[in-house]
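Subject: Handover of a structure

Dear colleague,

Please find the structure below, together with an account of what was found in it.

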Amino acid sequence: MTLTIVLLGAAALIGIGLYGALSQQSFVMLMMGLELMLNGALLAIIGLWSLALGGMPEGQLLAIIVMAVMAVEMSIGFALIVAVYRKRQADMTEALGTLKG
Amino acid sequence: MIDALVILLVLFAAWTGWRVFRVDSMIRATFSLMLSFISVGAIGVLLSAPYIGVATVFMMAVEMMVMGIFMVMFMMNPAGLNPMMMVHQHKLSIVAGVLAALGLGAAVLTTTLPTDPVPGETDVVSDLGHELLGPSMLIFETAGVTLLATMIGAVVLSSRRGRYGQADEGSRPPGLDPGGPPAGRQPEGEGGHHHHHHHHGGH
Amino acid sequence: MSWLARLAAGAPAPVYPVIGEGAQPRVERLFASAALERAQSPRAAALLLVSGNIPEAHREALDRVHDQVPRPRLGLHWEGDDGIEERLLDAWRTLCAGATGDADRLPDEPPNPWEGEGDFGQGGEGMMGGVPYGRPMAMTGEDVRDGLELDRYTARVGPFAPMLPPGLVLEVTLQGDVIVACDVLSPPYPQPEDADDPALCAARMLRLLGLPGPADRLIRGGAAHAIGARRAIPRGLGRLENAGDARMRFADALRGRNGGAADGIFDTLIGLEWSEAALALASVTPSALRQAALEVA
Amino acid sequence: MTTALLVLTLASTLAVGAWLGAWFDRLAPLLYGGRAAGPLAPLRAGAAALLRPRIETEAPDRMNARLAPGWYLALAAAGLSVVPFAPGAALIETPVGIVVWGSCEALTIVAVFLHGWSPNAPFPLIGAYRYAAIGLPVMLPSMFVLIAAALPAESLSFTAIVESQREVWNIVRQPLGLPLFLIVGLTLTLRGPMDFADAADIAGGTSAEDSGPGRALWQGARLAMLVSFSAVAATTFLGGPLGPALPGPVWLWIKTAAIMALTVAVGHGVARTTPSRMLTILWVVLLPLSFVHLLVSGVLAL
């Protein structure tokens, strides 16, 4: 029962995150959408590991990997935002019709 | 008791996640996302994953502080005087979001989920440590190297100084032969549309 | 009187000093020795101590500072006569006993009309900039440090700001913490020669370095015991021809020597961070700073 | 029963410790040639602040303005809750105590930032940005120091760290740890050389628009954080509740008070440099130094 609710919550977080990632014009808000989707993934992993895997340590490892992915996504994302802003003074997705220099 | 708390925290995580895209303040949006992460971390603590849960809180507090500063740096919303709703393909996004949530939810509800909780006496933290530095050492090390590459990549991308001159000037790769025209092509005109007008108000 | 009020009446009176012409040394000496708390901002004060002559042009600024002190509040004038400490303590006890204090001097409304413009009436173009209520909003612009060209924010600081010499009004444009433009709107007030006392000058810098205790001791005639005060001042900060940099002027002041002219000090502020700029301005004597400001203004 | 007792101990430790810290603040001028005040002075100052009215700035972030001091206080309490008052007797006995404390540190940066953000005024906002810029790199030495302390204990829990110091205290084994951790403490409690949030050159920074109960609560939370930090430092480096004759909590209180006195003394006598210079020092000096500290402690713990 708890597991179902946790997984439904994870589904909701992924759905909200997808909405944000698709709809937001601002790069930073877009990244928040991506983070929210990863948050949903993290919740699902924690729930499944805790309630359905009998304490298999690899489950925790997967959660650590998701956290590392979040860190990578954040830092590369922000670095790209800075690079694009420096070049184009653009902070919205529409401003990037082209990725050329 | 724990179940009730978990349910409350799941609801709180979803609600704060939703608030991220509904508030008119950059900082509230950021820290709303942080609250969503903290509730997931708290669920981890309740569901016998103390290290993962607390580490999530630690990491997200730092990350969201950085995120908040980037929000203020790059969002165009002076003083929260105007609504922050800046969206495109809104209907499509709503449909995609709802479909994703419903699809995943349906998958959850139609699957028979196994029940095999963590045995009470497991020392999960030391299990995790032995796993990280034992059988899964290669994976762990790969993550470490990836993070190192990320650090270098982030510094290179965001730095102003570049191999071919300042990053904000038109960068020109070197020629294929000495003194020749630059390799590759320069984009015509300026990319991007300028929505920042230089406006000097009187006062 | 409730027990809370009785307890509060024994606390050092929180005073925000407004320093006018000729009053700087006596106010600084008063706070170094009396059982008073020099509030860092008007919000933290209950009493407003106005000392020295305030020029007509700055009366409105004085009224604004007066109204920023939370009510109940009391404003006091001091022209250098004895017994000011007792007057301030009496006023504080009166306030703790439940006195209503002074009323507001200005109406509680924005100093300028709204002047709405733009999609949501914030006054700018698109979603940025604009001057709602006469306050220039942040707007992107050229940049002196990292080339990112993020928002610039223009504000006036002074004439009674605690980190600047009394009377000095600066219109600074900040990008983050960095000063990208700086105009002197009004020079510091003339002060008696006593204000150039090296002990007072060094104490002003110590205060900015987060050392109010050693600063007070220095003013009372002792030696300043502090760790790393000289080295905390960046080398080359506020460097002037023939007058060294801020670190050197601070060391000189500690040795009891006065700095000379400060011409060109305002030009060194561009590109500095706000805290560095405050240190640089405090590193020259009030009289030299006034001369330098009169030349620029 | 034990839990109720521990909750009571924690609350009274925070309250009495906050008063003691405030008194230390008024005794510290003695060291630097100033005048001291009596033990009642903190209570008088608190009453004076409480008596003043609350001020509302124009268009503030009202919710966060109200919540920020509360967050700060709650984080101090949460940090103290994982510290054992006697061997094995922490309010929250967790295998990941130092990670919990690390989270409290990281969230403190958020709370201070919100405190500066919420009044919608320039000087508090500058203070908030400065604090975020300084506070984030300070987290790195903090983590290195705490992990180094966890190495001889072979555990992330404070109880195990205390047990590992039965023979010799960590301050002897890892002499660099306490000085580095002191810098973290000065940052967390907005003090002296690390007080970039509430500095004098920005008119009190994040507190510039505070008055009344909000100001009292914020200053109280700063002192409570001083207590929590000192208790954590005493547990990590001075053996916490270990000691002869006296009961465990008394030893912890004595050691906590000693660290508090040290922190206050350093805070009152060391100059604060400019933010950009401090940032350079943090990244170029302190980060490599704390890494070396971790390396040496790791080799010694083998």
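In helix α2 of chain C (residues 24-33), the buried residues are C:Q24, C:V27, C:E28, C:L30 and C:A32. A residue counts as buried if 20 or more other C-beta atoms lie within 10 Å of its own, as exposed if 12 or fewer do, and as partly exposed in between, with C-beta atoms placed from the backbone. Helices (H or I, at least four residues) and strands (E, at least two) are DSSP runs, numbered from the N terminus. The cover over the buried residues of α2(C) includes β1 (13-19), β3 (47-51), α4 (84-96), α5 (198-208), α6 (212-219) and α9 (286-296) of chain C.

The model is predicted: local features need pLDDT of at least 70, side-chain atom pairs count only at pLDDT 80 or more, and totals for chains, interfaces and linings use all residues. Residues are numbered from 1 along each chain as its sequence is written, while chains are lettered from A and ligands numbered from 1 in the order in which they are written.

Chain C also holds an open sheet of four strands in the order β5-β6-β7-β8, with antiparallel pairing. Its edge strands are β5 (139-140) and β8 (178-186) of chain C, each of which pairs on one side only. Two strands are taken to pair if DSSP finds at least two bridges between them. Strands of a sheet pair through backbone hydrogen bonds, either parallel or antiparallel. Two bridges join β5(C) to β6(C), and these strands run antiparallel; here C:M139 stands opposite C:R152 of β6(C). Between β6 (residues 151-157) and β7 (residues 169-175) of chain C there are five bridges, again in the antiparallel sense. In β7(C), C:T173 is the bridge partner of C:T154, and C:L170 stands opposite C:V157. Strand β6(C) is mostly covered, with five of its seven residues buried.

Turning to chain B, the domain assignment, which is an automatic or database one, gives domain 1 (1-77) and domain 2 (124-164). The centres of these two domains of chain B, taken over C-alpha atoms, are 23 Å apart. B:T142 has its place in helix α6 of chain B. This residue, B:T142, is partly exposed because 13 other C-beta atoms lie within 10 Å. B:T142 and B:A61 are 81 residues apart in sequence and 25 Å apart in space, C-alpha to C-alpha.

Chain B meets chain A through 80 residues of chain B and 71 residues of chain A, where contact means that the C-beta atoms of two residues, placed from the backbone, lie within 7 Å. On the side of chain B that touches chain A, at least two residues each come from α1 (2-19), α2 (26-46), α3 (50-74), α4 (90-110), α5 (124-132) and α6 (137-158) of chain B. Helix α4(B) gives the most to that side, with twelve residues. By class, this side of chain B has 48 nonpolar, 25 polar and seven charged residues. In this scheme Ala, Val, Leu, Ile, Met, Phe, Trp, Tyr, Cys and Pro count as nonpolar, Asp, Glu, Lys and Arg as charged, and the others, Gly among them, as polar.

Chain B is also touched by chain D, with 20 residues of chain D in contact with 15 residues of chain B. On the chain D side, α4 (97-117) and α5 (122-153) each supply at least two residues, and α4(D) gives the most, with ten. The residues of this side of chain D divide into 15 nonpolar, four polar and one charged.

Chain D itself has eleven helices and zero strands. Its C-alpha trace spans about 55 × 45 × 40 Å along the principal axes. Buried residues make up 63% of its 302 residues. Of the contacts in chain D with a separation of 6 or more, 80% are between residues 24 or more positions apart.

I hope that this account is of use as you take the structure over.

Yours sincerely
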